[in-house]
Amino acid sequence: MPFTKALQSIRKFFKRTDGASGIEYALVAAMVAVALVAFVPTISQGVTTIFTSIEGALTPSSGGGSN
């Protein structure tokens, strides 16, 4: 008798689907993390380039200005 109850419990465990959504969310989070790791250096370099060009445009030239 205890063996049949154990089998029923195992069957119920494998038929449950409520944990599947948690696993799916974890997989999506892992994929986002991989994408961030892959693209952050590229994005960082682009942002640095943009700010460097803005800084160059805002830096006053060293001649001919009125004080």
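These notes go from the whole chain to one residue.

I worked on a predicted model, where local features need pLDDT of at least 70, side-chain atom pairs count only at pLDDT 80 or more, and totals for chains, interfaces and linings use all residues. Residues are numbered from 1 along each chain as its sequence is written, and side-chain values use heavy atoms, without hydrogens and water.

Fold first. I found 2 helices and 0 strands in the protein (DSSP runs, H or I of at least four residues for helices, E of at least two for strands, numbered from the N terminus).

Next, burial. Of 67 residues, 0% count as buried (under 20% relative accessible area; exposed is over 50%, partly exposed in between; 1.4 Å probe, protein chains only).

I then checked helix α1, residues 2-15. None of its 14 residues is buried, so α1 lies largely in the open.

Last, Met 31. I placed Met 31 in helix α2, which covers residues 20-58. Is Met 31 buried or exposed? Met 31 counts as exposed, because its relative accessibility is 56%.
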